[in-house]
Amino acid sequence: MPGMFVKGIRVTRSVSRRSLLGASGLAAAAIAAPRLTSAQTPDASPTGPWTFTDDKGVTVTLDTMPTRIIADVNAAAPLWDFGIRPVGVFGWNATQNKDFGPAGGNIDPDQVEVVGYEPELFVYEKAAALNPDLIITVTWEPDNPAEYWSLDFDPDLIETARAAAPVIAISATGSADVNTERFAELAASLGANLESDEQIAAKERFETAKARLQGVASAKSDLVSLFAYLGDGAATWYIASPQDWADLSFYQSLGVTMVQPDVEKFAYWNEISTEEADMYPADIFFHSTRPGTTTEEALIADESFGSLPSIKAGQVAAWNQDFIMSYEGMAIATEGIAAAIEQATKVS
């Protein structure tokens, strides 16, 4: 299927609503918060047995701690920040030329092999050649045993991946701060030192960013933020539903006032035409940084969008849909939201 994707949900270039929500469908019962229990604390010994229970409740046990890891880009980026270096990456955000976009964070393209990208998101022969011990991805539907991000494009693909190595998934739903701790837990089990000066500093930076955002959100609670995706040259505008996005839900918990489109929970978006652009007045326009989205300059020049108060006032800020669930990644994202609110005034 030629195409792209708009979130943890793939989308064909024609961007039908069904494809926007994913081929497997998103039912309310299918989305669940990560399972975070003390019973899941893994054995991080590099010499003894290694075990880890992922956010689907799947437990993988190996004779020794896995060292050769292949990961979807959205999982590889937070692991990289925690000090875990996958030998290979794959998935919707992988490319042949190793340009991983905002989803890739600090991944060094010279240190990884790409073993799958659109339209072949995971190529068994390339993956197997790296002799992987473990494959890691994220999940948007923790309770759905068939949904693995980048590995459910084809019903047989997850089994193809499992033929190369065991597969685990960390949740990308719920709240981003909780998911970040799950990635930290996984990284620690894989040998990461969360007590290093670097990790302590990154976590402190994240805590400082949270306090900063909470403070400015309280001081400017009258400012309304809108998060959206608009494809370059597209006639359809996607308004994010904060209740369904782990990062937006997290910011909302800190007091950020957001547009909440009138859609059912787990719809992720309200799809509207450009003629309806003024349906949701806002003071700050957070625009997706996903590759293929229109530019800020194009927004301002477009008569449908340039007249919106937030855009007309130049109160446009970046939103990384592929928020990186590490201390550093979430600190950067949270700082960006805080800075945009600090600089904004009431215009709607």
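## The core

Let's start inside: the largest nonpolar core has 74 residues, and W50, I136, L186, L213 and Y251 touch the most other members. Such a core is a set of buried Ala, Val, Leu, Ile, Met, Phe, Trp, Tyr and Cys residues joined through side-chain atoms within 4.5 Å; buried means under 20% relative accessible area (1.4 Å probe, protein chains only). Helix α11 gives the most to this core, with seven residues.

A word on the source: this is a predicted model, where local features need pLDDT of at least 70, side-chain atom pairs count only at pLDDT 80 or more, and totals for chains, interfaces and linings use all residues. Residues are numbered from 1 along each chain as its sequence is written, and side-chain values use heavy atoms, leaving out hydrogens and water.

## The sheet

Five strands form an open sheet with mixed pairing, in the order β12-β11-β10-β13-β14. Strands are DSSP runs of E, at least two residues, and helices are runs of H or I, at least four, numbered from the N terminus. Two strands pair if DSSP finds at least two bridges between them. β10 and β13 run parallel, joined by four bridges; S225 has I284 in β13 as its bridge partner.

α11 packs on this sheet, touching β10, β13 and β14. Contact here means heavy atoms within 4.5 Å.

## A buried glutamine

Q315 is found in the loop between α10 and β14. Its relative accessibility is 11%, so Q315 counts as buried. Beyond its neighbours within four places in sequence, Q315 is in contact with several residues, including I284, F285 and T345.

Terms used
Buried means under 20% relative accessible area, exposed over 50%, partly exposed in between (1.4 Å probe, protein chains only). Axes are lines fitted to C-alpha atoms, for helices over the stretch in contact, and angles run from 0 to 180 degrees between N-to-C directions.
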